[in-house]
Amino acid sequence: MEHQPAIADPPLDAVGEAIYGLARQLYPICRSITGDGVRQSLAILGGTVPLDIHEVATGTAAFDWTIPREWLCRSATVTDSGGHVVLDFADHNLHVLNYSMPFSGTVSLDELKRHTYSLPDQPDLIPYRTSYYAENWGLCMQHSRLARLPEGMYRVEIDTEFKDGSLSYGEYLHRGETDREFLLSAHICHPSLANDNCSGLALLASLANHLRSKKTRYSYRFLFAPGTIGSLAWLSRNEDKTALIDHGLVVSCVGDGGGPTYKRSRRGNAYIDRAMAHVLAHRAKTATLLDFSPYGYDERQFCSPGFDLPVGLFQRSAFGTFPEYHTSADNLDFIKPLHLAWSWRIVMDVVEIVEGDWTPVSQCQKGEPQLGRRGLYAALGGDKSTGLSSMSLLWVLNLADGTNSLLAMAERSGLSFRELAGAAKLLRLHGLLS
Ligand code: ZN
């Protein structure tokens with residue numbers, strides 16, 4: 001492992017357990033893009049970090065979109081002619097198509113199958129399906145169960161309701177020395193899916209709580225909003241604030257052992273893109289860097305051309321690439337405290353870069369300074385007690401011509417930001433850098 005972090009960390013295992021514990025509280029709730037599931041989830045997150053809760057009324061315009069009616073699901077069952085319940089929403093909230101219309105009637109097996117989603121290739125899993133913007137009634141079930149249903153008539157009762165209400169989102173702003181912002185966002189609309197995205201919500205709430213007591217240079221804005229429509233609502237109500245955003249990350253699927261994966265912002269070479277690339281190169285041999293594409297999570301809205309914010313997407317396994325994705329197998333066994341802790345560590349590394357970067361200027365530009373007479377010879381000679389390599393001192397001194405930030409030095413030298421920051425601190429202490 002590398003050197004002491006700039007911002008003192010709690011131990012990683014405690015971090016992982018705390019994030020996992022929060023994800024476990026969020027997991028059972030039937031969330032959607034509106035409704036009490038979102039409010040309950042915000043209340044749980046609010047137990048970790050104080051949130052400002054915003055309600056945006058049904059019918060409110062958000063650019064080209066409109067805040068929909070609130071949806072709630074009380075119950076849903078399918079019963080065969082013998083009175084046996086073959087599907088029950090009470091068993092798993094993925095059993096109901098999210099935003100399903102209410103329905104009450106007796107239908108043939110064929111008709112039931114036309115309205116029931118299943119996964120023939122993963123017959124024991126319940127799929128997650130939504131129909132936010134098309135009116136339909138629907139159910140989801142294991143293909144193994146659906147395929148075994150005998151011909152006959154089935155009683156379907158879907159007790160859902162649409163009503164005028166509001167869309168809810170939560171925000172927490174940690175104020176730093178400047179009003180320049182780092183935006184961290186996670187979607188809060190998925191029901192019982194642990195990695196996508198109880199993991200991201202819990203990680204960001206824990207991170208916000210960690211930063212609360214810290215003095216930071218940047219201000220950190222945490223946003224917990226329903227996917228797409230929630231970020232659109234936030235953007236439409238905060239257009240004036242978007243100019244303050246210097247860095248941003250959308251965080252999802254951060255509890256599994258795959259990846260890590262980073263999708264660059266639309267700009268492609270924003271500071272956040274460079275910082276994430278640097279951290280992943282030093283933290284994980286298995287990291288994948290992807291260029292921006294207009295498919296994914298809320299980075300799609302933050303990176304729409306009228307905003308083009310420097311916001312990337314951080315994940316472990318990329319969405320859509322793991323077999324558990326959008327199924328009942330994305331459960332609390334699929335995410336692990338250790339993976340959550342490492343994901344937290346990666347985001348904190350980026351926070352430390354954003355906080356700790358500066359552009360040093362060497363006070364000795366002509367020839368190398370004589371390190372021996374300043375007591376820096378031991379560090380150069382490989383004294384491990386400083387934790388600094390000779391190369392880090394030499395790189396910082398050489399690149400400190402006033403044009404390179406520490407991140408640029410890290411990129412050019414191949415050394416870690418943390419190591420170069422330690423070297424720069426030592427050299428500054430000895431009056432060799434300003
Ligand atoms: Zn999803």
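Tyrosine 99 is found in the loop between β5 and β6 (103-108); helices (H or I, at least four residues) and strands (E, at least two) are DSSP runs, numbered from the N terminus. This tyrosine has a positive phi of about 80 degrees although it is not a glycine. Tyrosine 99 is buried, with a relative accessible area of 3%, where buried means under 20% relative accessible area, exposed over 50%, and partly exposed in between (1.4 Å probe, protein chains only).

The model is predicted: local features need pLDDT of at least 70 and side-chain atom pairs count only at pLDDT 80 or more, while totals for chains, interfaces and linings use all residues. Residues are numbered from 1 along each chain as its sequence is written, and side-chain values use heavy atoms, with hydrogens and water left out.

**Surroundings of tyrosine 99**

Ring pairs link Tyr99 with Trp65, Trp71, Tyr132, Tyr133 and Phe162 into a cluster. Rings of Phe, Tyr and Trp (its six-membered ring) pair if their centres lie within 6.5 Å; planes under 30 degrees apart count as stacked, over 60 as edge-to-face and the rest as tilted. Serine 131, in the loop between β7 (116-117) and β8 (139-140), touches Tyr99 as well as Leu97, Asn98 and Asn136, not counting residues up to four places away in sequence. Contact here means heavy atoms within 4.5 Å. Serine 131 is buried, with a relative accessible area of 12%.

In total, the structure holds 14 aromatic pairs. In one of them, the ring centres of phenylalanine 319 and tyrosine 325 are 6.4 Å apart and the planes stand at 45 degrees, so the pair is tilted. Phenylalanine 319 and tyrosine 325 are both buried.

Histidine 190 lies in the loop between β11 (181-187) and α5 (194-212) and histidine 326 in the loop between β16 (311-315) and α9 (337-356), so the pair ties together parts that are 136 residues apart in sequence. Both histidine 190 and histidine 326 are buried. Asparagine 197 has its place in helix α5. Another cis peptide bond joins glycine 259 and proline 260, with omega about 0 degrees, and proline 260 lies in the loop between β13 (245-251) and β14 (261-263).

**Nonpolar cores**

A nonpolar core is a set of buried Ala, Val, Leu, Ile, Met, Phe, Trp, Tyr and Cys residues joined through side-chain atoms within 4.5 Å. Of the 75 residues in the largest core, Phe222, Phe224 and Leu249 touch the most other members. Helix α5 gives the most to this core, with 10 residues. Apart from it lies another core, of 54 residues, among them Leu94, Leu139, Leu223 and Phe302. Leaving aside neighbours within four places in sequence, leucine 249 is in contact with residues including Phe182, Leu184, Tyr262, Ile272, Phe314 and Val347.

**Strand pairing**

Two strands pair if DSSP finds at least two bridges between them.

| Strands | Sense | Bridges | Residues opposite each other |
|---|---|---|---|
| β4 and β5 (residues 85-88) | antiparallel | three bridges | valine 78 and leucine 87 |

The hairpin of β4 and β5 has five residues between the strands, and glycine 83 in this hairpin takes a positive phi near 85 degrees.

**Further local features and overall form**

Threonine 228 lies in the loop between β12 (219-225) and α6 (229-237). Phi of threonine 228 is near 60 degrees, a positive value in a residue other than glycine, and this threonine is partly exposed, with a relative accessible area of 25%.

The secondary structure of the protein comes to 13 helices and 16 strands. Along its principal axes, the C-alpha trace spans about 90 × 40 × 35 Å. Buried residues make up 55% of the 434 residues in the protein.
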